[in-house]
Amino acid sequence: MSQGPRSGLAAVSSALLAMSRHLEVRDVLKTIVASARELLDAQYAALGVPDDHGGFAQFVVDGVSDEQWKAIGPLPRQHGILAAMLREARPERLADVREDPRFEGWPAAHPDMSDFLGLPIRDGDEVIGALFLANKNCPKPDGGCGFTQDDEELLSILAQHAAIALTNARLYERSRELTIAEERSRLAHELHDAVSQKLFSLRLTAQAAATLVDRDPARAKGELHQVAALAAEAADELRAAVVELRPAALDEDGLVATLRTHIQVLDRAHSARVTFAGHGVRALPAAQEEALLRVAQEALHNALRHSGAEHVAVTLGKRGPDTVLRVTDDGAGFDPTTVRRAGRHLGLVSMRDRASGVGGTLTVVSAPGEGTTIEMEAPGG
């Protein structure tokens with residue numbers, strides 16, 4: 001290796017640790033590419049995940065600016081050297097990729113590349129990606145490649161661990177998709193039960209009002225007031241369910257903006273005052289942002305549906321190096337030990353699982369008549 005053994009080992013260790021920190025596929029791909037480029041001191045690095053139609057489902061680059069990437073155009077197809085790596089599943093180390101007979105050119109805005117090192121990423125016998133680097137930052141031997149055999153071996157180690165990280169991320173995303181499907185099923189069931197009950201009561205009350213309208217107008221008027229109240233409650237249930245089913249805009253807006261919008265809608269939909277304050281929180285990995293959002297939604301659901309609170313306050317801030325979410329209500333409160341013994345969880349198990357799943361913690365403070373505070377602390381931000 002061009003680096004000393006100790007510095008080389010430290011660099012590999014840092015790269016592997018960085019890959020293991022992320023659970024989202026996109027975050028893992030970005031980390032692999034950035035780590036490979038830094039580790040081998042190359043000008044460009046890229047990783048493509050093939051689809052089943054001759055193209056790439058995902059393609060991540062490092063060393064190319066956003067403006068350059070937009071100018072290059074659509075994602076590449078599986079052809080030339082990329083196709084060879086995917087099809088033949090063997091390393092490619094070239095002095096000048098442009099002189100290889102398999103080279104088929106690239107778009108006009110594509111940066112110029114010469115020496116090239118590429119490896120397939122394999123999960124058993126399946127090739128799940130192609131990792132490659134170009135333009136080693138070093139003097140090139142006459143007519144030779146800047147990338148050495150040592151570089152190839154180092155990249156091979158990285159590719160093996162990349163396969164593990166990528167496979168784990170895919171399994172995590174599939175698991176999360178199943179969880180989301182289960183949550184939607186639960187919400188649909190809750191919506192059906194709650195709204196059906198309200199509509200059934202609404203129908204009975206309307207029928208009672210109809211029978212009383214001639215012989216007891218005063219009582220009929222009271223029943224009609226009840227009809228109006230039940231209709232308003234049914235509308236609230238529907239609005240709340242729609243809010244919970246709406247996909248979060250985390251990718252586009254980030255956690256703070258998404259929480260603020262969500263809470264503004266809840267404030268309009270419920271009689272309780274719902275407020276939000278967010279201070280000094282930077283962007284977090286996607287998995288942590290989603291966990292914080294889902295815990296906030298579950299805690300808000302409990303406060304607005306079950307506590308009878310007049311005010312629910314949500315805050316998002318920093319505590320040392322960590323991000324802290326706090327949901328506090330002035331409602332009826334409860335005894336957490338009694339809730340557990342009764343087999344009712346109020347979503348506490350789900351919230352604790354979400355927090356621990358991203359290396360965080362969940363704290364619940366409540367007592368009858370004293371309101372409830374649910375706090376999640378997550379690393380980073």
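How many residues lie between β4 and β5 in their hairpin, and which turn residue has a positive phi? There are 2 residues between the strands, and G124 in the turn has a positive phi of about 65 degrees.

This is a predicted model, in which local features need pLDDT of at least 70, side-chain atom pairs count only at pLDDT 80 or more, and totals for chains, interfaces and linings use all residues. Residues are numbered from 1 along each chain as its sequence is written, and side-chain values use heavy atoms, with hydrogens and water left out.

**Strands and hairpins**

Helices (H or I, at least four residues) and strands (E, at least two) are DSSP runs, numbered from the N terminus. Two strands pair if DSSP finds at least two bridges between them. β4 and β5 run antiparallel and are joined by 8 bridges. Within this pairing, L119 has L131 in β5 as its bridge partner. β4 also pairs with β3, in the antiparallel sense, over 3 bridges. There, E92 stands opposite G118 in β4.

β1 and β2 form a hairpin too, with 5 residues between them. G54 in that turn has a positive phi of about 85 degrees. P50 stands opposite F56 in β2.

| Strand pair | Sense | Bridges |
|---|---|---|
| β1 (residues 42-50) and β2 (residues 56-62) | antiparallel | 6 bridges |
| β3 and β4 | antiparallel | 3 bridges |
| β4 and β5 | antiparallel | 8 bridges |

Burial is judged by relative accessible area: buried means under 20%, exposed over 50%, partly exposed in between (1.4 Å probe, protein chains only). β4 is mostly covered, with 6 of its 8 residues buried.

**Aromatic rings**

Rings of Phe, Tyr and Trp (its six-membered ring) pair if their centres lie within 6.5 Å; planes under 30 degrees apart count as stacked, over 60 as edge-to-face and the rest as tilted. The whole structure holds 5 aromatic pairs. The ring centres of F56 and F59 are 5.3 Å apart and the planes are at 70 degrees, so this pair is edge-to-face. Both F56 and F59 are buried. The rings of F116 and F132 have centres 5.5 Å apart and planes at 25 degrees, so they are stacked. F116 lies in strand β4 (residues 116-123) and F132 in strand β5 (residues 126-136), so the pair ties together parts that are 16 residues apart in sequence. F116 counts as buried at 5% relative accessibility. F132 is buried at 10%. Ring pairs link F56, F59, W69, F116 and F132 into a cluster.

In helix α4 (residues 80-88), 7 of the 9 residues are buried, so the helix is largely enclosed by the rest of the structure. Among the buried ones are G80, I81 and L82. Their cover includes β1, β2, β3 (92-94), β4 and β5. A89 follows α4 and has a positive phi, near 50 degrees.

Helix α8 (residues 286-306) has 18 of its 21 residues buried, so α8 is also largely enclosed by the rest of the structure. Just after α8, G308 takes a positive phi of about 70 degrees.

**Around G317**

G317 is found in strand β7 (residues 311-319). G317 counts as buried, at 15% relative accessibility. Contact means heavy atoms within 4.5 Å. Leaving aside residues up to four places away in sequence, G317 touches H279, V281, D322, T323 and V324. The C-alpha atoms of G317 and G278 are separated by 5.8 Å, though the two residues are 39 residues apart along the chain.
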